[in-house]
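Okay, everyone, let me put this one up on the screen. I'll talk through a few spots, and you can follow along as I go.

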Amino acid sequence: PIKLRTVRMPLDRQNRPSGIAFVDFFRAADVRKAMRHNRDRLNGRYIELTLDALVRQKKEKKEEEKQKIEIDKKKKEEEAERRKLKRKSEVQPIESIAESGRLFVSNIAFTTTEEEVEKA
């Protein structure tokens with residue numbers, strides 16, 4: 001069985017499910033298993049799974065230095081984005097990417113719960 005670290009389903013401005021989820025795993029092998037469900041159906045809706053950029057980068061162990069540069073660049077971009085959002089008074093927390101991997105699940109039915117995503 002696939003072991004999940006967390007499942008988070010952000011809400012929109014009206015405090016309703018946004019139709020996406022972030023799923024974190026303990027092991028990269030579990031991420032690969034979960035990717036088999038890409039383009040499956042969940043509660044009657046077609047879903048898409050996308051590997052997080054950091055997961056793809058970690059596959060390239062020989063490029064550790066390149067990873068550090070990319071991460072630093074991303075942090076600078078996130079900081080710039082935070083400043084931009086703060087100016088607009090729409091500050092939203094930006095979380096770091098889990099080291100073990102994360103999937104972005106899109107097109108989730110608005111009635112889907114985190115528990116249903118976990119079981120899928």
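Predicted model: local features only at pLDDT ≥ 70, side-chain atom pairs only at ≥ 80, totals over all residues.

Numbering runs from 1 along each chain as its sequence is written, and side-chain values use heavy atoms, with hydrogens and water left out.

Let's do charges. A salt bridge here is a side-chain nitrogen of Lys or Arg within 4 Å of a carboxyl oxygen of Asp or Glu, and by that rule the count comes to five. One of them pairs Arg-8 with Asp-24, with the closest N and O atoms 3.4 Å apart. Arg-8 sits in strand 1 (residues 4-8) and Asp-24 in strand 2, so this pair ties together parts that are 16 residues apart in sequence. When I say strand or helix, I mean DSSP runs numbered from the N terminus: H or I with at least four residues for helices, E with at least two for strands.

Are the two partners buried or exposed? Arg-8 is partly exposed because its relative accessibility is 25%, while Asp-24 is buried at 4%.

Next, Asp-12 and Arg-16: their side chains meet in a salt bridge at 3.5 Å, N to O. Asp-12 is partly exposed at 26%, and Arg-16 is partly exposed at 47%.

Then there's Glu-79 with Arg-83, at 3.8 Å, N to O. Both are in helix 3 (residues 64-87), four residues apart, about one turn of the helix. Glu-79 has 33% relative accessibility and Arg-83 has 45%, so Arg-83 counts as partly exposed. Salt bridges with shared partners join Glu-79, Arg-82 and Arg-83 into one network.

Now the inside. Nonpolar side chains tend to be buried together in soluble globular proteins. By nonpolar core I mean a set of buried Ala, Val, Leu, Ile, Met, Phe, Trp, Tyr and Cys residues joined through side-chain atoms within 4.5 Å. The largest one has 15 residues, and Val-23, Leu-103, Val-105, Ile-108 and Val-117 touch the most other members. Strand 2 (21-25), helix 1 (28-34), strand 5 (48-51) and strand 6 each supply at least two residues, with the largest share, three residues, coming from strand 2.

Look at Leu-103. Beyond four places in sequence, its contacts (heavy atoms within 4.5 Å) include Val-23, Val-31, Ala-34 and Leu-49.

Ser-106 is in strand 6 (residues 102-106). It's buried, at 16%, and touches Gly-19, Ile-20, Tyr-46, Ile-47 and Glu-48, again leaving out residues up to four places away.

How many aromatic pairs does a search of the whole structure find? One. Rings of Phe, Tyr and Trp (its six-membered ring) pair if their centres lie within 6.5 Å; planes under 30 degrees apart are stacked, over 60 edge-to-face, and the rest tilted. Phe-22 and Phe-104 have ring centres 5.5 Å apart and planes at 55°, so they're tilted. Phe-22 is in strand 2 and Phe-104 in strand 6, so the pair ties together parts 82 residues apart in sequence.

Last stop: Asp-52, in the loop between strand 5 and helix 2 (53-58). It's buried, at 15%, and its C-alpha is 5.5 Å from that of Arg-102, 50 residues away along the chain.

Conventions
Buried < 20%, exposed > 50% of the residue type's maximum accessible area, 1.4 Å probe, protein only.
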